[in-house]
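I opened this structure to take notes for a reader who has not seen it before. The entries follow the order in which I looked things up.

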Amino acid sequence: MKQVVYISSPESKQIHIWQLREDGVLSLLQVMEVSGHIQPMVVSPKKDFLYIGVRPNFRVLAFRIAADGTLKEAGKAPLPGSPTYISTDRTGHYLFCSSYNNACISISPIGKDGLPRSPTQVIHDLDGCHFANIDYSNQMLFVTALKQDRIYLYSLSTDGKLVPHAQVMTLEGAGPRHITFHPNGSYAYCVNELNSTVDLWVLNNAHGEVEHVQSMDMMKPDSNEKRWASDIHITPNGHFLYACDRTSSIITVFSIREDSGLMTIEGYQPTENQPRGFSIDNSGRYLVAAGQNSHHIVVYRINDRQGLLTPLGRYAVGQGPIWVVIHKLD
């Protein structure tokens with residue numbers, strides 16, 4: 001399996017592109033200089049473009065992915081607010097952008113050439129809008145409003161419009177931030193920034209509703225530090241879940257019950273200073289985490305039995321790295 005790792009570093013306005021070898025070692029392929037503070041990134045479903053949100057001139061940049069994973073800028077399109085999270089629908093027809101500072105979610109069509117166009121719809125009044133991603137059915141967009149302790153659900157119409165469907169409330173003061181979906185499509189896990197907990201949501205209960213069934217504290221029992229969780233990801237086989245906290249600089253390891261989706265904490269991994277983002281490779285063997293204050297990334301091997309992490313290598317990147325994307329090359 002050939003894979004590349006993309007790291008966005010907004011302070012130095014750079015993208016570092018690494019080859020991820022089968023043994024977990026990284027080799028630097030390219031450093032891209034970008035005109036702007038690069039923020040969230042996502043690979044297109046057809047695997048031919050890397051889309052990147054940029055500020056302060058709010059826009060999305062499209063980089064064409066070469067056969068070896070290196071990048072070449074191909075186009076750009078405006079966005080209605082500072083990009084906090086970007087994603088696409090699973091057919092590659094639409095790009096979604098959430099904006100925390102501008103309290104909105106937008107949808108932009110993607111042309112047949114793979115390049116995003118100007119937004120066709122913007123939904124406002126989503127205070128602290130931090131995440132937007134569609135479920136595996138490609139029918140329901142989940143949007144977190146951190147400052148409202150609320151998750152909004154929008155259905156995606158056949159003509160590319162977001163239609164309000166439902167909303168669920170988290171615990172008051174939790175601050176829902178990012179969500180990851182279980183590969184079986186039955187569960188969603190939300191990391192809450194302000195109280196560093198992880199919530200399990202059943203996506204379709206007996207009444208056809210999204211239902212909260214579990215909440216886990218991701219901090220060590222003796223921790224008295226300020227809670228400031230940031231990112232969450234699940235392994236491709238759905239066996240292990242990981243969430244990180246920036247103040248304590250840890251990654252919490254959860255195992256997941258196959259029959260219920262319920263979580264159990266297996267351990268805590270100290271990591272780079274202020275881990276803003278991380279990602280899991282497509283084989284489920286490696287996790288790559290970025291330290292926003294250390295300006296380094298670290299590669300971990302994932303243990304098959306408990307999901308515990310073993311550090312393999314540490315690498316300098318740009319200044320203030322915040323986003324990690326791991327892409328499988330065809």
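**Entry 1: ground rules**

I am working on a predicted model, where local features need pLDDT of at least 70, side-chain atom pairs count only at pLDDT 80 or more, and totals for chains, interfaces and linings use all residues. Residues are numbered from 1 along each chain as its sequence is written, and side-chain values use heavy atoms, with hydrogens and water left out.

**Entry 2: the largest pocket**

I began with empty space. Rolling a probe the size of a water molecule over the atoms shows where such space is left. I took a pocket to be an open set of points on a 1 Å grid over the protein atoms alone, where a 1.4 Å probe fits, with protein on both sides within 12 Å along at least five of seven lines; lining residues have an atom within 4 Å of a point. Grid points are joined across faces, edges and corners, and a volume is the space filled by probe spheres set on the points.

The largest pocket comes out at about 1300 Å³. I find 37 residues in its lining, and those nearest its centre are Val42, Arg90, Asn133, Asn282 and Ile326.

Which strand gives the largest share of this lining? Strand S28 does, with six residues. Strands here are DSSP runs of E, at least two residues long, numbered from the N terminus. Seven strands supply at least two lining residues each: S4 (37-43), S8 (85-88), S12 (129-134), S16 (176-181), S20 (229-234), S24 and S28 (323-328).

By class, I noted 20 nonpolar, eleven polar and six charged residues in the lining. For these classes, Ala, Val, Leu, Ile, Met, Phe, Trp, Tyr, Cys and Pro count as nonpolar, Asp, Glu, Lys and Arg as charged, and the others, Gly among them, as polar.

**Entry 3: the second largest pocket**

The second largest pocket has a volume of about 290 Å³. Of its 18 lining residues, Arg55, Thr84, Tyr100, His130 and Arg276 are the closest to its centre. This lining divides into seven nonpolar, six polar and five charged residues.

**Entry 4: serine 279**

I next looked up serine 279, which sits in strand S24 (residues 275-280). Is serine 279 buried or exposed? Serine 279 is buried, at a relative accessible area of 10%. The cut-offs are under 20% for buried, over 50% for exposed, and partly exposed in between (1.4 Å probe, protein chains only).

Leaving out residues up to four places away in sequence, serine 279 touches His233, Tyr286, Leu287, Val288, Val324 and Ile326. A contact means heavy atoms within 4.5 Å. Ile326 was already in my notes as one of the residues nearest the centre of the largest pocket.

**Entry 5: strand S21**

In strand S21 (residues 240-245), six of six residues are buried. In a regular strand the side chains alternate between the two faces of the sheet. I therefore checked each side of S21: Phe240, Tyr242 and Cys244 are buried on one, and Leu241, Ala243 and Asp245 on the other.S21 pairs with S20 in the antiparallel sense over five bridges; two strands pair if DSSP finds at least two bridges between them. Isoleucine 234 stands opposite leucine 241 of S21. The hairpin of S20 and S21 has five residues between the strands, and glycine 238 there takes a positive phi near 75°.

On to strand S22 (residues 250-256), which runs antiparallel to S21 and is joined to S21 by six bridges. Here tyrosine 242 is opposite valine 253. Four residues lie between S21 and S22 in their hairpin, and serine 249 in the turn has a positive phi of about 55°.

**Entry 6: salt bridges**

Side chains of opposite charge can pair when their charged atoms come close. I counted a salt bridge where a side-chain nitrogen of Lys or Arg is within 4 Å of a carboxyl oxygen of Asp or Glu. How many salt bridges does this rule give? The count comes to eight.

Aspartate 113 and arginine 117 form one of them, at 3.1 Å from N to O. Aspartate 113 is partly exposed at 37% relative accessibility, and arginine 117 is partly exposed at 36%.

Glutamate 193 and arginine 246 form another, at 3.6 Å from N to O. This pair links distant parts of the chain, 53 residues apart: glutamate 193 is in the loop between strand S17 (187-192) and strand S18 (197-202), and arginine 246 is in the loop between S21 and S22. Glutamate 193 is buried at 10% relative accessible area, and arginine 246 is buried at 5%.

A further salt bridge joins arginine 227 to aspartate 217, with the closest N and O atoms 2.8 Å apart. Arginine 227 lies in the loop between strand S19 (211-217) and S20, and aspartate 217 lies in S19, so the pair ties together parts ten residues apart in sequence. Arginine 227 is partly exposed at 24% relative accessibility, as is aspartate 217 at 36%.

Last, I noted that salt bridges with shared partners join Arg177, Glu193 and Arg246 into one network.
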